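Me: Please take a close look at one part of this structure for me. I would like to know what surrounds it, and then how the neighbouring pieces are put together.

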Amino acid sequence: MSNEKKQIIIGNALPNIPWEEKQEGSKEILWRSRKNPIIPRDLIPSSNSIFNSAVVSFKGEFAGVFRCDDKRRFARLHSGRSKDGINWEIDNNPISFICNDPEIISISGYDPRVCWIDDRYYVTWCNYYHGPTIGVAYTYDFKKFYQIENAFLPYNRNGVLFPRKVDSKFAMLSRPSGPGHNTFGDIFYSESPDMCYWGRHRHVMGTTKGWQGTKIGAGPIPIETTEGWLLIYHGVLTSCNGFVYSAGAALLDIDKPWKVLYRTEPYILSPQKEYECVGDVPNVVFPCAALTDPETGRIAIYYGAADTVVCLAYTQVDELINFIKSNSEI
C-alpha cells in the first residue's frame with residue numbers, strides 16, 4: 001500500500017513556501033509564525049503602518065501588493081518583492097497606475113488581493129469612486145500596473161477573484177455594504193465574461209452569531225481543492241469596546257461557488273497576541289493572502305494585525321478541511 005499523502009490542493013507545486021512546523025503539543029488549527037510580525041509598520045520611510053496585504057509566488061520568489069498608510073494617514077498601495085516570503089523589500093513610492101480613463105484612476109486604495117489568471121496577475125482593492133468600490137488592475141512584472149474598470153458601483157469592499165474561470169467566466173466574491181465603517185455586510189458571488197461587465201450576482205453567506213455576527217468578508221484568493229473551494233474569510237463581532245475581527249473558513253461547491261457546503265462555527269484565528277490586540281485599530285486579524293504547496297498540503301496565510309503590521313500563520317490543508325467539516329454551521 002502506498003504511503004504517499006493524498007493530494008488535496010489543486011495547483012502548482014511551491015517547494016519554497018514559507019513554513020514553520022507546529023509546536024509540539026499545540027492543538028491550534030492555524031499556528032502563528034514565531035517571527036511575527038514579519039513586516040513592521042515602519043519598513044519603509046513613508047509608512048505609518050503596513051497591513052492587509054497580498055502576496056503571491058513570482059518567478060521562483062515572491063511578490064506582492066501592500067497596503068501602506070503613509071504619515072498623512074492616507075491609504076496607498078505599494079509593490080514589494082521577497083526571496084523567501086518573510087523578508088521583504090517594499091517600494092517607498094506608491095504604485096502609479098496606468099489608466100486610459102483619468103476619471104477612475106486610483107490614488108487612494110486599500111486591502112488589496114492579487115490573483116494569477118491565465119497570463120497575468122490581477123489586483124483587486126478597495127478603490128474610491130464616489131465611495132468605496134472594487135478597483136481592478138493587472139500586472140505582468142509588479143513594476144507596471146494597468147488599471148481597468150471598477151467592478152461594481154459603490155459601496156463595496158473585499159473583492160476577491162477566483163484563480164480560474166468558473167463556467168468560462170471570471171468569478172469574484174465581494175461584500176456590498178455602506179459608505180463608512182459599517183455594521184453589516186454579507187458575501188456575494190458575481191461573474192464576468194471580460195473582467196469589465198459583472199452580473200449573475202448570487203448570495204453566498206451572511207452573518208450568523210458570535211465572532212461573525214456583525215459582518216463578514218472574503219479573505220485570500222479561494223484555494224481549489226478536491227473537497228471544493230476552500231475559502232478563508234473574516235468575521236466581525238461587535239463588543240462593548242468596538243469591533244473584533246477574527247478568521248474562519250468554509251468550503252464552497254466547486255461548480256457553483258455560491259453554494260456553501262461547510263462553514264466553521266468557531267473561529268480559526270482571533271486577535272490574542274499583543275501585536276493583534278494593540279495597534280492603530282485594536283483587536284484585528286484580517287487575512288488577505290495564502291500561499292499553497294499541493295505536494296505537502298502546506299498553507300501559509302498572510303494577515304494584517306491591528307491595522308498596523310503584517311503577520312503569518314500556517315496550517316495543513318487536511319487538518320483545516322477536517323476541522324471545517326467537524327465544526328460546521330450552515
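Reply: **A close look at one residue**

H234 sits in strand β16, which covers residues 228-239. The model is a predicted one, in which local features need pLDDT of at least 70 and side-chain atom pairs count only at pLDDT 80 or more, while totals for chains, interfaces and linings use all residues. Residues are numbered from 1 along each chain as its sequence is written, and side-chain values use heavy atoms, with hydrogens and water left out. Strands here are DSSP runs of E with at least two residues, helices are runs of H or I with at least four, and both are numbered from the N terminus.

Is H234 buried or exposed? H234 counts as buried because its relative accessibility is 1%. The cut-offs are under 20% relative accessible area for buried, over 50% for exposed, and partly exposed in between, with a 1.4 Å probe and protein chains only.

Leaving aside residues up to four places away in sequence, H234 touches N158, R175, W211, K215, I216, G217, A218, Y245, S246, A247, F286 and P287. A contact means heavy atoms within 4.5 Å.

Strand β10 spans residues 156-161, and six of its six residues are buried, so β10 is largely enclosed by the rest of the structure. β10 pairs with β11 (residues 170-176) in the antiparallel sense, over four bridges; two strands pair if DSSP finds at least two bridges between them. Across that pairing, R157 stands opposite R175 in β11.

Now to an open sheet, with four strands in the order β1-β21-β20-β19 and antiparallel pairing. β1 (31-32) and β19 (285-293) stand at its edges with a single partner strand each, so one side of each has no neighbour in the sheet. β1 is joined to β21 (residues 309-316) by two bridges, and they run antiparallel. In this pair, R32 stands opposite A313 in β21. Helix α2 (residues 317-326) packs on the sheet and touches β1, β20 (298-305) and β21, with its direction at about 85 degrees to that of β21. For such angles, axes are lines fitted to C-alpha atoms, for helices over the stretch in contact, and the angle runs from 0 to 180 degrees between N-to-C directions.
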